[in-house]
Amino acid sequence: MNKPAIAIIEDEIPAARLLHSMIARLRPEWDITVIPGSVEEATEWFATHPHPDLLFLDIQLADGNSFDFLSAAHPSSTIIFTTAYDQYAVRAFTVNSIDYILKPIDEQRLQEAIDKYEHLQQCSNPRPDDYLATLLDALQSKEKQYRTRFLIYRADRFWSLQVSDIAYFYSENKMTFAVTRNNQEHILDLSLNKLSEQLDPDRFFRANRQIILCIDAIDHAEPYFNGKISVTVRPPYKSKITISEEKLAAFKRWLNF
């Protein structure tokens, strides 16, 4: 009997590794492949490889989202979504054999999703002809949801960092850091450009190329030279944060000035 072919599409490397290890522990007989977590690379992989039986698919990918991937790749796989977004945002995906798992992934919840998949396989329920169309419609019709947590790897373990605890993000030497309100720094495997797409714009503002601010972290702002303004945040950032003249109007609107 052939081993079930399983694939993981996940844009965060730590999350992909964690999910792989958990599935391998629960189902050591499964053949598991980790596919790069971008729409372009995942679509190319599906165009050149047999489609897996089961696909664990991150909703937000490096260069787009799962809607973009599904529209381009038309996978024949059964899909289980993984997501860092709140549960209410993905309830519409639990149609037919579709399931979802919230990050950070709980092994018991993963076991339940796997059990559901195996039950459907044992029942020999054929996949509905409109499976993919139903899925695409559910994805397309949802209002945009914003990230609420990150999966952090530190001290040989994974844990959840809540977005509500973050004061600002900054980039340095091609690395991205999240700074919490109690002044702890955590490395993220995401660029500021991607973060800008995933964060609630009512709470986070891209001040410049190096930093994204949370509105609750701003202590005060004051005039700076050449039409700029200087922003002081808590906890303090290592250098002066300035808002350029061309971004000033947007910054004021964000602050509801």
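The structure is a predicted model, so local features are kept only at pLDDT of at least 70 and side-chain atom pairs only at pLDDT 80 or more, while totals for chains, interfaces and linings use all residues. Residues are numbered from 1 along each chain as its sequence is written, and side-chain values use heavy atoms, with hydrogens and water left out.

Let's start with the sheet. Five strands line up in the order β2-β1-β3-β6-β7, with parallel pairing, and the sheet is open. At its edges sit β2 (31–36) and β7 (99–102), each pairing on one side only. From one strand to the next, the twist averages 20°. Strands here are DSSP runs of E with at least two residues, helices are runs of H or I with at least four, and both are numbered from the N terminus. Two strands count as paired if DSSP finds at least two bridges between them. Strand β1 (residues 5–10) and strand β3 (residues 54–58), for instance, are joined in the parallel sense over four bridges. Within this part of the sheet, I8 has F56 of β3 as its bridge partner.

Helices pack on this sheet too. Helix α1 (residues 13–26) touches β1, β2, β3 and β6 (78–83), and its direction makes about 155° with that of β1. Helix α4 (residues 107–122) touches β3, β6 and β7, with its direction at about 170° to that of β7. Such angles run from 0 to 180 degrees between N-to-C directions, using axes fitted to C-alpha atoms (for helices, over the stretch in contact). Touching, or contact, means heavy atoms within 4.5 Å.

Next comes D58, which is found in strand β3. UniProt, in an unreviewed entry, lists D58 under "modified residue: 4-aspartylphosphate". UniProt positions are given in the numbering used here, feature names are shortened, and annotations may be inferred rather than shown by experiment. With a relative accessible area of 2%, D58 is buried. On that scale, buried means under 20% relative accessible area, exposed means over 50%, and partly exposed lies in between (1.4 Å probe, protein chains only). Leaving out residues up to four places away in sequence, D58 touches I9, E10, D11, S66, T82, T83 and K103.

K103 turns up again in the backbone. The peptide bond from K103 to P104 is cis, with omega near -5°, and P104 sits in the loop between β7 and α4. Another cis bond runs from R234 to P235, with omega near 5°; P235 is in the loop between β16 (229–233) and β17 (241–243). Most residues other than glycine have a negative phi, and most peptide bonds are trans.

Two asparagines have a positive phi. For N173 phi is about 55°, and this residue lies in the loop between β10 and β11 (175–180). N173 counts as exposed, at 69% relative accessibility. For N183 phi is about 65°, and its place is the loop between β11 and β12 (185–188). N183 counts as partly exposed, at 46%.

Finally, there is the largest nonpolar core, with 36 residues, where F150, Y168, F169, L195, L213 and F251 touch the most other members. Strand β10 (residues 166–172) supplies the largest share, five residues. A nonpolar core is a set of buried Ala, Val, Leu, Ile, Met, Phe, Trp, Tyr and Cys residues joined through side-chain atoms within 4.5 Å. Beyond its neighbours within four places in sequence, F169 has contacts that include F150, F177, L188, L195 and F204.
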